[in-house]
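Student: I have a new structure to look at and would like to learn how to read it. Could we go through it together, one question at a time?

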Amino acid sequence: MMTSKLTQEDVAWLESQLSDAIDPISPRSEFVTRARAELMNLPAQPALPAWVNSAALAAVALSLVALVVAIFFFYQHGRETR
Amino acid sequence: MDDSVLSTSDTADSALVDKDDQSLARRAKIEREAFGVLYERHVTAIYRYVYYRVGNQEDAEDLTARVFARALKHIRNYNDRGVPFTAWLYRIAHNVVVNHHRDNSRHPAVPLEEVEIFTGQDDDHDQRIDGDRERNKLLRAIRLLPAERQHLIVLKFVEQMQNNEIGQIMGRSEGAIKSLYHRTLLQLREIMDDLNVAL
C-alpha cells in the first residue's frame, strides 16, 4: 500500500518531465498509405446467415431448460431417498 | 463526363469525411470506404498508443495494422451505445498489445531507450546525454505502469485530452480519472525512485 503523498511541486515536476519526454510522434506516411491500401483490399467477411443467431439462442435456451430440469430432478430425487 | 464523375466521387468522399464517427461506423458495416475514413481519422492516435506500449516503430506499425484489420473484421459487431468509436478502437488496441506482449514474453521487445531520439540542435553533448538518459528512464518507468495507467498517460500527454474526454474513452467518470491520474503519478515517481536505486 502506498503511503507517500505528492505535493503540488511534485505533480508539476512530473508533469513537466512527462511533457518533455513524450513526443506526439506520428506514423510514417508510407506505412499509413500501405496499411490503408491493405485494409481496403482485405476480403469482405461473409455475413452469418440469419438462422445462425436464432439457432445459437435456441441452443442456449434449451441448455438452460435442461439444466433447470436436471437440478429439479436431483432435488426431488434427494428428497425421496431421505 | 469524366469531370462530372470525378466531382460526384469527390462529393461522396467529402460527405463521408464530414460525418461523425458513429455515422461512419454504421456505414462502414456495408461500405468499405467509410471504414477508410475512420482509419485515416484515428490511425495516428492508435499508432501513438501502441508505440508507447511496445517501444519501437516496427512493432508499432505491425500492431497498428492489426488493430485496424481486426476492427474491420468486427465492425458489424460494433454497437453505438453511447460509447465512442475511439473507445472501441482503443480496446482492440489494448488486446492486440497484450497478445503481443504475451507472445513475445520470451523475446522482449526492443526497449524505448534504443529508439533514436530527436534531441534538437543542442551542442552540449554531455548535457544532451544526461537529458536523454532522464527521458529514457521516464519512458521505461511509463512502460512499467499497469496497462490502464499507461493508457491514461498517453491520452493525457500525447493526445492532450481533458479528464472528461479520457473518462469517455476509458468508461469512467471524470472524478475517477482525476483520482487514477494522481495514483498514476505517485506510482510513476516510485518506479523512477526504484530505477534510480537500481542504476
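**Reading the two chains**

Student: Let's start with one helix. Which residues of H7(B) are buried?
Tutor: Happy to! Helices here are DSSP runs of H or I with at least four residues, strands are runs of E with at least two, and both are numbered from the N terminus. A residue is buried if 20 or more other C-beta atoms, placed from the backbone, lie within 10 Å of its own, exposed if 12 or fewer, and partly exposed in between. In H7(B), the buried residues are B:His151, B:Leu152, B:Val154, B:Leu155 and B:Lys156.

Student: Before we go on, what kind of model is this?
Tutor: Residues are numbered from 1 along each chain as its sequence is written, with chains lettered from A and ligands numbered from 1 in the order in which they are written. Local features need pLDDT of at least 70 and side-chain atom pairs count only at pLDDT 80 or more, while totals for chains, interfaces and linings use all residues, for this is a predicted model.

Student: How far apart are the end C-alpha atoms of H7(B)?
Tutor: The expected span is 1.5 Å times one less than the number of residues in the helix. H7(B) has 12 residues, so it should span 16 Å. The model agrees, with its end C-alpha atoms apart by 16 Å.

Student: Which helix gives the most to the side of chain A that touches chain B?
Tutor: Two residues are in contact if their C-beta atoms, placed from the backbone, lie within 7 Å. By that rule, 25 residues of chain A are in contact with 27 residues of chain B. Helix H1 (8–21) and helix H2 (29–41) of chain A each supply at least two residues of this side. With eight residues, the one that gives the most is H1(A).

Student: How many residues on that side of chain A are nonpolar?
Tutor: Ala, Val, Leu, Ile, Met, Phe, Trp, Tyr, Cys and Pro count as nonpolar, Asp, Glu, Lys and Arg as charged, and the others, Gly among them, as polar. The side of chain A that touches chain B has five polar and four charged residues. Its nonpolar residues number 16.

Student: What share of chain B counts as buried?
Tutor: Chain B has nine helices and zero strands, whereas chain A has three helices and zero strands. In chain A, with 82 residues, buried residues make up 4%. For the 199 residues of chain B, the buried share is 28%.

Student: At what angle do H3(B) and H5(B) pack?
Tutor: Axes are lines fitted to C-alpha atoms, for helices over the stretch in contact, and angles run from 0 to 180 degrees between N-to-C directions. Among the residues that meet are B:Leu38 and B:Ile46 in H3(B), and B:Leu89 and B:Val97 in H5(B). The residues of this contact divide into 10 nonpolar, three polar and one charged. Helix H3 (residues 32–54) and helix H5 (residues 85–103) of chain B have axes 10 Å apart, and they pack at about 35°.

Student: Which residues does B:Ala87 touch, beyond four places in sequence?
Tutor: B:Ala87 lies in helix H5 of chain B. It has 13 other C-beta atoms within 10 Å, so it is partly exposed. Not counting residues up to four places away in sequence, B:Ala87 touches B:Gln168, B:Ile169 and B:Gly171.

Student: Where in chain B is confidence lowest, by helix?
Tutor: pLDDT is the predictor's confidence in each residue, from 0 to 100. Chain B averages 80, and 78% of the residues score at least 70. Its highest helix is H4 (residues 57–74), at 94, and the lowest, at a mean of 53, is helix H1 (residues 2–18) of chain B.

Student: And which helix of chain A has the highest confidence?
Tutor: Chain A averages a pLDDT of 84, with 87% of the residues scoring at least 70. Confidence is lowest in helix H3 (residues 50–81) of chain A, at a mean of 87. At 93, the highest is H2(A).
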